[in-house]
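Open the model in your viewer and keep the selection tool at hand. Each stop below says what to select and what is there.

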Amino acid sequence: MKNLIVFLLPVLLITTSLDGGLYSIVTKKEDALVNQKYTKFVVIDDETQFVLAKTPVKYDLSKEMPMNYFTVDLTGNIPGKQRIFTIHNLVNNAGGDEYDWVLEDNADENTIFFSRSNFITMKASMQWLITVRGERILLKNSRTGAYLKVDANGSYLAVKSETEASKWKLIHIF
Amino acid sequence: MKTNKIICLLALSFLSISSLYAQQGQFYQFSLDKETKIRGSKIYFQEFANKGVESQIDVNALAKSYIDFYFKTYRGVAAKKIQNHISWTRNPRFEAVNSQAEADVTIGGHYQIKTNAGAGEQLFFEQGNSVGGAIPYFESRQLNTAEVMVVISYTYKNKEVDYDTIFIQEESERKPGKKFQSVEDLLADCESKLKSNFYKTFTFYSHKDIWYKLLNVKTKDKVLKEELKTADNLFESGKIKELGNLFLRIYQAEPENKEAAFNTAMCYELIGNYPKADEYYAIMPDFHTKVRMKTNRALFDYLNNIGANLIVEDF
């Protein structure tokens, strides 16, 4: 009996510690495409308080903010390697826009913006690496290696150094 | 063809004859829903003290309007149904007095209104996949709340005190696709719930429509027989006491006339004199009247027990 308790105690402790947290921030592709079930986030730049969106808006708690969700390209999810994410802007279907808008670092135009995924030929330009820095994250494009920054005017910039990059805060929305 | 005509005529004549005897009408029947904390007939309302912040809800005005239920007499459409009917519903059963010294019971107490508009964040990390580092995220809650608490005290003449408590809490959390209510909206919801709570607290009896049908009464007495021809008119014009008096005289003249006793009992029931009604119903027992009288007596006896001022009439 004592042995059983000793064996079960760590299991109980682990399961209780799992309460209240997401297993993963990632939305499965089939959930997004078929079930329209997303793990939604409002992504805010710590410094400027701009929210990641097709057109960035200032974060306002009293209003409904633009939301995003993350998917992972399975080919990029190699065990032990960093995950490669695609950042989708969650479009309100009631507005009539049903396209898949993703964040792209367009090296040809040297700008970062949300564009329709089916028009992007260079898939790596819409793939992002997430670097964790404490309670914030940095978004680094997997093709260009540039970090995402949003300036004081709400324009997206591609910057080379981590210090210049925007530190993003994720707020999970139910 | 001729046979059909005769059958039709017979049916019509039968209907017209039976309708002559169909003395029936719709009246209210009152019943006790729950017990009240009122004792005695004199009530003094002492304004509730505000122990919280000022708000859009005028708790005292609301309480006063619902306490007025105790002093209610029936008017308008309701009065038509009880015209010359239950005497103690045509008069106030309780009286509002101007000071605590005169009162049998003082209704007072206090209330507290609280509102809160708040937001909070909590840090989490991904649990399942730490490839490249578990990603941090926050969960944010924005919650507006409004609550109203009213403690109603009933102070009796012997200084004993009893209480009723009303507690209403409304909250709204910001969620996508769901209306996020402001504190003012939540307070408005609280106000509407407070009204229904005051109603439930202070109301202890209700009424419903009941059809009353008198029995066909015959008499050998020529004078009374002539008088009986006016029974229809008396019933329709709501002269229940005169009608009851007529049936009572028939019964007194012919003690074997159970129908007259039954109608006397029904008239007593209609004017709200239940002890007398019970006495005459006992002469010709009927299951339906027994059930109805049980409900009638429950409220009547209860009102008497708590000391309400009941004016009971006789023929």
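**Before you start**

This is a predicted model: local features need pLDDT of at least 70, side-chain atom pairs count only at pLDDT 80 or more, and totals for chains, interfaces and linings use all residues. Residues are numbered from 1 along each chain as its sequence is written, while chains are lettered from A and ligands numbered from 1 in the order in which they are written.

**Stop 1: chain B as a whole**

Select chain B. Its secondary structure comes to 10 helices and eight strands. Helices (H or I, at least four residues) and strands (E, at least two) are DSSP runs, numbered from the N terminus. Of the 315 residues in chain B, 26% are buried. A residue is buried if 20 or more other C-beta atoms lie within 10 Å of its own, exposed if 12 or fewer, and partly exposed in between, with C-beta atoms placed from the backbone. Among contacts in chain B with a separation of 6 or more, 72% come from residues 24 or more positions apart. Two residues are in contact if their C-beta atoms, placed from the backbone, lie within 7 Å.

**Stop 2: the largest core**

Now select B:Ile43, B:Leu243, B:Phe247, B:Ala265 and B:Cys267. These have the most contacts inside the largest nonpolar core, which has 54 residues. A nonpolar core is a set of buried Ala, Val, Leu, Ile, Met, Phe, Trp, Tyr and Cys residues joined through C-beta atoms within 7 Å. Helix α8 of chain B (residues 258-270) supplies the largest share of this core, eight residues. Where does the core lie? Domain 1 (29-208) and domain 2 (210-306) of chain B both give residues to this core, so it lies between them. The domain bounds come from an automatic or database domain assignment.

Center on B:Leu243. Not counting residues up to four places away in sequence, B:Leu243 touches B:Ala231, B:Leu234, B:Phe235 and B:Cys267. A second, separate core has 35 residues, including A:Ile25, A:Leu52, A:Ile137 and A:Ile173.

**Stop 3: B:Val148**

Go to strand β6 of chain B and pick B:Val148. Is B:Val148 buried or exposed? B:Val148 counts as buried, because 24 C-beta neighbours lie inside 10 Å. Show what B:Val148 touches: B:Ile57, B:Tyr111, B:Ile113, B:Ile168, B:Cys190 and B:Leu194, not counting residues up to four places away in sequence.

**Stop 4: helix α10 of chain B**

Select residues 287-306 of chain B, helix α10. This helix has 20 residues and reaches 29 Å from its first C-alpha to its last, close to the 28 Å expected at 1.5 Å a residue. The expected span is 1.5 Å times one less than the number of residues. The buried residues of α10(B) are B:Asn296, B:Leu299, B:Phe300 and B:Leu303. What covers them includes β1 (24-32), β8 (205-213), α8 and α9 (274-281) of chain B. After α10(B) comes B:Gly307, with a positive phi near 90°.

**Stop 5: where the chains meet**

Show both chains. Here 24 residues of chain A are in contact with 20 residues of chain B. On the chain A side, β8 (128-133) and β12 (168-173) are the elements that give two or more residues. β12(A) gives the most, with five residues. The side of chain A that touches chain B divides into 13 nonpolar, six polar and five charged residues. Ala, Val, Leu, Ile, Met, Phe, Trp, Tyr, Cys and Pro count as nonpolar, Asp, Glu, Lys and Arg as charged, and the others, Gly among them, as polar.

Zoom in on β12(A) and strand β6 of chain B (residues 136-156). The two pair in the parallel sense over two bridges. Strands pair if DSSP finds at least two bridges between them. A:His172 stands opposite B:Glu139 in β6(B).

**Stop 6: strand β4 of chain A**

Select residues 68-72 of chain A. Five of the five residues of strand β4 are buried, so it is largely enclosed by the rest of the structure. On one side are A:Asn68, A:Phe70 and A:Val72, and on the other A:Tyr69 and A:Thr71. Five bridges join β4(A) to strand β5 of chain A (residues 84-89), and the two run antiparallel. A:Thr71 stands opposite A:Thr86 in β5(A).
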